[in-house]
Amino acid sequence: QPPSGEQLVVTTDVLLEGIHFNLQYTPLMHLGYKAVAVNLSDVFAMNARPVAITVTLGISQKFMVEQLEELYRGIRYACQEFDVDLVGGDTSASLTGLTISVTAMGFAKPEALCYRSGAKANELVCVTGNLGAAYCGLRVLELETSILNKQPDAKVKLDGYDFVIRRLLSPRPRQDAYLQLQAAGIKPTAMMDISDGLSSELLHICKASKVGCRIYPERLPIDQETFRVAEEYHLDPLLVAMNGGEDYELLFTVPAEYNEQMDNMGISVIGYTTPAERGAVFVTSEGNEYAIEAQGWQAFKE
């Protein structure tokens with residue numbers, strides 16, 4: 001039951017073995033943590049505080065009790081870190097591998113809630129943290145796993161990739177940014193988390209808010225480790241940042257008057273919103289414009 005004057009928000013996500021995770025390189029404790037984290041990220045993206053989760057598992061016969069205990073260790077760790085309660089769920093047999101469904105619940109005052117639909121023209125487009133690391137971590141782990149599958153005696157080479165691998169396996173929902181904005185009394189006009197890639201999420205906000213945007217790729221926050229790994233794997237760091245996904249940073253819009261506060265908070269202003277008829281575009285440093293497309297991870301498969 002929400003406290004007086006507050007509203008309940010609910011979000012749910014399902015993770016499927018072979019689609020959303022590969023157990024060849026995903027430790028079960030990390031998987032349990034991530035399953036909770038990605039749902040809490042959605043609650044923070046609504047400008048609400050998470051309070052409780054439920055967890056439903058579909059388990060195949062190959063799993064032993066010790067493995068499930070490891071999975072729940074990660075779930076409990078995330079609950080403790082973000083002060084949420086595990087209040088229920090269900091467990092069932094599965095014929096198709098491991099399935100994890102988490103539902104997260106949170107509270108917020110109705111006037112504080114953020115949706116995708118509140119942005120207006122001439123506002124700042126902002127993003128927390130840095131982008132592209134999770135996709136680089138995926139590429140590292142997929143390559144090493146493919147080598148091991150072909151050469152079981154091969155030595156795994158993961159030294160120097162800790163940052164990008166951690167960003168993939170143990171993403172941290174941006175509770176800190178949510179609390180910063182709360183403390184500063186700044187309510188984003190529109191907000192969502194970056195799970196499918198920056199390009200895709202920008203288009204979601206533009207469509208829901210009936211605005212366009214101009215985004216400057218050189219302003220995208222990319223960690224130096226992400227740059228290094230992307231170049232080592234012959235990937236364009238900017239494409240990785242725009243389309244990689246699974247970073248679970250917050251993408252939001254605020255009135256232009258908050259430009260200095262965003263800088264003081266370490267939040268990147270990557271562009272601004274425009275009237276809808278101007279479309280959603282990336283503007284290069286040379287002044288060339290390219291329409292934003294929701295390529296997501298498909299950009300790297302072509």
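Helices (H or I, at least four residues) and strands (E, at least two) are DSSP runs, numbered from the N terminus. By this rule, Ser268 belongs to strand E9 (residues 268–275).

The model is predicted: local features need pLDDT of at least 70, side-chain atom pairs count only at pLDDT 80 or more, and totals for chains, interfaces and linings use all residues. Residues are numbered from 1 along each chain as its sequence is written, and side-chain values use heavy atoms, with hydrogens and water left out.

Buried means under 20% relative accessible area, exposed over 50%, and partly exposed in between (1.4 Å probe, protein chains only).

| Residue | Relative accessibility | Class |
|---|---|---|
| Ile19 | 63% | exposed |
| Val84 | 6% | buried |
| Ser268 | 17% | buried |

Ile19 sits in the loop between strand E1 (7–16) and helix H1 (28–45). Together with Val14 and Leu16, Ile19 forms a nonpolar surface patch with about 250 Å² of accessible area. Patches consist of residues with over 30% relative accessible area and no salt bridge; like charges are joined within 9 Å, nonpolar side chains (Val, Leu, Ile, Met, Phe, Trp, Tyr) within 5 Å. A salt bridge is a side-chain nitrogen of Lys or Arg within 4 Å of a carboxyl oxygen of Asp or Glu. Areas come from the Shrake-Rupley method with a 1.4 Å probe; for residues, only the protein chains shown count as cover.

Val84 is in the loop between helix H2 (65–81) and strand E3 (85–93). Leaving out residues up to four places away in sequence, Val84 touches Leu40, Pro50, Val51, Ala52, Ile53 and Cys79, where contact means heavy atoms within 4.5 Å. Val51 is 33 residues from Val84 along the chain, and their C-alpha atoms are 4.6 Å apart.
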